Each structure stands twice: as structure tokens, then as C-alpha cells.
Amino acid sequence: MNIEHLNAKYGISGQLKFIEGKGRLPMIRVSSSKASALISIHAGQVLSFQPAGEPDDLMFLSEKAYYQVGKAIKGGAPICWPWFGSDPEELGRPGHGFVRNRLWNVVKTEITTNGDLSITLGLVDTPETQVIWPHAFSLTQEITIGDTLNLELVTRNTGTESFFITQAFHTYFRVGNIHQAVVLGLEGHEYIDKVDSSRQKKQVGAVAINTEVDRIYLDVLNKLVIEDIALKRRIQITSSGNKTAVVWNPWKEIAVEMADLQDMDYQHLLCVETTNAATDVITVTPNNECRLVANYRIIRD
Ligand SMILES: O=P(O)(O)OC[C@H]1O[C@@H](O)[C@H](O)[C@@H](O)[C@@H]1O
């Protein structure tokens, strides 16, 4: 991708610029009166979002993240698609699908009527993706940067047969101290506990994290909140198009094993993922589309 051409075609003077980022990957730097953000075109992934006046980023981004074609970037908002988690057909394909480690296309950039910046990235099937997943598709992600960050992932079936997907915004939120952060809005909901042989359990009270947590919550509400005492903020996650949500923190032992995380990073990250996972499988019929939306707002009292 030629940065000069991208800037000439899609740049927005003083607010949106294409740059060569880490690993020489093409990225988009947004800097408006409402917020600043960094988006990697590789992986179609928001890496940073910070509303004006906020002291801390919304997102956790690992200092040891890989910036390499073929690898996922640890942090920000990775896109899991067209499957969430391990390969549903057990064919040895990578976990979380194949779009979080490849270059996306820039579809358009614009200033919306209320002064937000909107960036649309996309992917369509190619002979290479057809080998991995034999379906014709058009995937777009509209990223809107204003006082809030809004992500909208649209899957269109451009083929002649229906296909099934699971998917996620696998977002890594920054927290000040994991011991002092909780997720609200999941009280009373059933979840699949992936660290306890996928047993189904019921959430009692707020979700506190004091060990490895890897859970798929079922029939979730469209509003969840991360309460972060240490950073003195709440993150409100509003979503649509999903029936499930995942809460994940690797905790210390797994973090130590992950080459792209620092040992103590688990204390500063919390994934609360807007998902179609487990039984929440979406059928997309020919010429139809499905839409997954997540909106993130930082609230300070
Ligand atoms: O591939 P990543 O970004 O390290 O994330 C892995 C984790 O992603 C979570 O969404 C899954 O629920 C976990 O089971 C998995 O371990």
C-alpha cells in the first residue's frame, strides 16, 4: 500500500492521515477536536482511542505486540471472523478466523454530519481466502471516531449458498488495576466456563477477575459496563447484533507464556468482547447481510 496515494485519496486535512506504522504496516492516525485514534489497516484493527481531555487510552495495546503480516496484533480491537475461538470444523485453521492477520482495503473516509470521523475498511474473498473458507463474501467495518468509538461489522453473502459465522470484537480494554475492576450487567446470566471444562454456570453479582477468566455469557443485555476504580472511570459498552459476550483475562501464568505480552500485563487488560459465539451462530443467506455493532463510551463521574 502506498501511503502517499492513500493520503491523496482518503486523507482528511488536519484530521486523518495515513502513516507507516510499526513493522512498516500502513496505519491511520486520527486527530480531531473530539478524539485521537490509531487504526491498523493490517488486521482492520483499532489500536488506540482516546477522547479529548481523557488522560488514558480506552484500549490496552501490548508493548510486545507483533506487527507482522500473518500475525495478530495483541491489543486494541481485533476482529474475530468468520469464526470465534478454535476452528469450528477442526481443520487446523487458526483460532479466531483469518481476518485479524491480513491486510484490509480502505473503502472510504468521511466527516459525518455531526463532525465525527468515519473510516470504512473492507475485505472480499480472494482465491486465497476461498482455500481457507470456501465462501464468497464482502466484509466491511465502519469505524466512527467521535466522543465515543463506534464499530460496525457488516458481513454480506455475495455467493449463491448460505454460510454460517461466529464473530467478535475481541476488544482489549485498558484497566488501571485488574483487582479493582469489575464488569456490570452480567448478573444472573448463564455462562460457559471455558476454564472449567465448559460447564454452564450462573453469574452471581458483578464479574470480578482474580484468576484466569474465559467465559461466554449467554443471552446478554445490550449494555455492559466496566467499572475501573483505579483509573476512576467506567466504560460503557453498548452493542447490537449479538446474543453473547466474552469476558477474558489470561491471568499471570498464561500471560507469562504469551510471547507478545509482558508478564504483568494481565493486571492492565480486560477483554469484554461483543460476540456471536457458542450457540449464537449467524446464518447469512445469499445477497443478505448481518451487522454486529459495538459502541464504547468512557464515563467519568
Ligand atoms: O488470540 P488472543 O488474542 O491471544 O486471544 C485468545 C483468547 O481469546 C478469547 O476471546 C478466548 O475466549 C480465549 O479462549 C482465548 O485464549
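How many residues does the hairpin use to join β2 to β3? Three residues link the two strands. Keep in mind as you read on that this is a predicted model.

Let's start at β1, which covers residues 16-20 and pairs with β2, residues 26-31. The two run antiparallel, with five bridges between them. If you want a spot to look at, L16 has V30 of β2 as its bridge partner. The connection here is a hairpin as well, with five residues between β1 and β2. In that turn you'll find G23, whose phi is positive at about 65 degrees.

Next along, β2 and β3 are joined by five bridges and are also antiparallel. Here S31 stands opposite S36 in β3.

## The nine-stranded sheet

Now for the open sheet, which is built from nine strands. Reading across, the order is β6-β7-β8-β9-β23-β19-β18-β13-β16, with antiparallel pairing. At the edges sit β6 (105-111) and β16 (207-208), each of which pairs on one side only.

Inside that order, β9 meets β23. Strand β9 takes in residues 149-157 and β23 takes in residues 289-299, and eight bridges hold the antiparallel pair together.

## Around the ligand

The ligand is surrounded by A72, G95, H96, H170, K194, D214, V246, W248 and E273.

A few loop residues are worth a click. W81 and P82 are joined by a cis peptide bond, with omega at about 0 degrees. P82 itself belongs to the loop between β5 (79-80) and β6.

A43 has a phi of about 80 degrees and lies in the loop between β3 (35-40) and β4 (45-51). N287 has a phi of about 65 degrees and is placed in the loop between β22 (282-284) and β23.

Is A43 buried or exposed? A43 counts as buried because it has 25 C-beta neighbours inside 10 Å, and the cut-off for buried is 20 or more. N287 has 10 such neighbours inside 10 Å, so N287 counts as exposed; the limit for that class is 12 or fewer.

Conventions. Residues are numbered from 1 along each chain as its sequence is written. This is a predicted model: local features need pLDDT of at least 70, side-chain atom pairs count only at pLDDT 80 or more; totals for chains, interfaces and linings use all residues. Two strands pair if DSSP finds at least two bridges between them. Helices (H or I, at least four residues) and strands (E, at least two) are DSSP runs, numbered from the N terminus. A residue is near a molecule or strand if its C-beta atom, placed from the backbone, lies within 6 Å of it.
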